[in-house]
Amino acid sequence: MNLRNGQPKSKDGIDLYSAKDFEGMHAAGRVAADILDEIVTSVFPGQNTGILDSIIEQLIEDKNVDSATIGYRGYKHASCISVNHVVCHGIPSEKILKEGDIVNVDVTALKNGWHGDTSRTFKVGNVSVKAEKLIKATYESMMEAIEIVKDGIHLGDIGSTIQTYVEKEGFSVVQDFCGHGIGETFHKEPNVLHYGEKGSGEKIKTGMISTIEPMINQGTKHCKTLKDGWTVETKDGRNSAQWEHTIAVTKNGAEILTKRNEEF
Ligand code: MF3
Ligand code: CO
Ligand code: CO
């Protein structure tokens with residue numbers, strides 16, 4: 001829950017942030033995105049996900065920021081690493097990446113009180129055409145949704161854009177997890193669903209900050225959480241991909257706060 005005093009809110013009760021707040025969020029977002037760029041050469045067949053996580057933890061330390069995930073509801077790692085049929089919240093472990101895997105790495109940095117939350121799906125060596133198509137459709141659906149964001153549209157327009165895009169490609173949208181408001185708090189209102197009806201849900205206003213982070217499955221949308229309390233897998237064991245950006249709504253539309261080098 002957000003308890004900041006005097007935080008302006010939209011008519012629908014969503015926190016609105018100032019230009020100065022945007023600057024803080026930009027800095028936090030940049031750090032998280034830089035980490036995803038800096039680990040590119042650390043994702044390869046034979047790499048172990050625990051080592052990949054320690055590399056991320058070290059990068060966070062080198063940048064003098066904090067990991068928002070370490071200590072979050074008892075989570076102990078600097079990243080979530082979700083391989084193949086793992087949808088999200090994969091726990092770094094002894095698991096070794098192999099040629100053909102697809103792996104999502106999700107990092108949230110906390111800098112000067114602001115959260116930058118971003119993830120991408122990497123290809124481990126060469127992957128199948130099918131996996132390639134899933135990764136690309138997931139990314140493109142997120143970017144299409146980001147492009148339509150502007151003052152006055154509805155949250156349902158985001159969900160509808162993503163769902164329409166990926167279903168046309170024959171994939172399904174995970175409904176058990178969603179994007180979220182973010183700022184001085186890691187997860188806050190509103191919930192940003194990656195499916196839904198155009199024109200439904202709260203209105204987006206200039207000053208809002210949230211993530212968009214579609215999880216898209218090759219087969220069924222249904223998921224299950226493992227006994228470890230974190231790892232989420234597809235019910236049918238088929239692949240799932242995810243990308244995540246943190247965005248701020250300006251009067252000129254969405255500004256991506258977690259752009260990676262290749263996105264400038
Ligand atoms: N970064 C994830 C998100 O996009 C949340 C991870 S919470 C953790 O919202 F505790 F699993 F790390
Ligand atoms: Co997020
Ligand atoms: Co994230």
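This is a predicted model: local features need pLDDT of at least 70, side-chain atom pairs count only at pLDDT 80 or more; totals for chains, interfaces and linings use all residues.
Let me turn to strand β5, which spans residues 114–123 and is mostly covered, with 9 of its 10 residues buried. Its partner is strand β4, residues 102–111, and the two pair in the antiparallel sense over 10 bridges; within that pairing, Leu-110 stands opposite His-115 of β5. The two strands form a hairpin with 2 residues between them, and in the turn we find Asn-112, whose phi is positive, at about 50 degrees.

Now to the aromatic rings, of which the structure holds 4 pairs. One of them joins Tyr-17 and Trp-114, with ring centres 6.0 Å apart and planes at 75 degrees, and because planes over 60 degrees apart count as edge-to-face, this pair falls in that class.

What does this pair tie together? Tyr-17 lies in the segment before α1, the helix of residues 19–38, whereas Trp-114 belongs to strand β5, so the contact links parts that are 97 residues apart in sequence.

Are these two residues buried or exposed? The cut-off for buried is under 20% relative accessible area, and Tyr-17, at 8%, is therefore buried, while Trp-114, at 12% relative accessibility, also counts as buried.

To bring β5 together, then: Trp-114 in this strand pairs with Tyr-17, and the strand itself is paired with β4 in the antiparallel sense.

Terms used. Residues are numbered from 1 along each chain as its sequence is written. Chains are lettered from A and ligands numbered from 1 in the order in which they are written. Side-chain values use heavy atoms; hydrogens and water are left out. Buried means under 20% relative accessible area, exposed over 50%, partly exposed in between (1.4 Å probe, protein chains only). Helices (H or I, at least four residues) and strands (E, at least two) are DSSP runs, numbered from the N terminus. Two strands pair if DSSP finds at least two bridges between them. Rings of Phe, Tyr and Trp (its six-membered ring) pair if their centres lie within 6.5 Å; planes under 30 degrees apart count as stacked, over 60 as edge-to-face and the rest as tilted.
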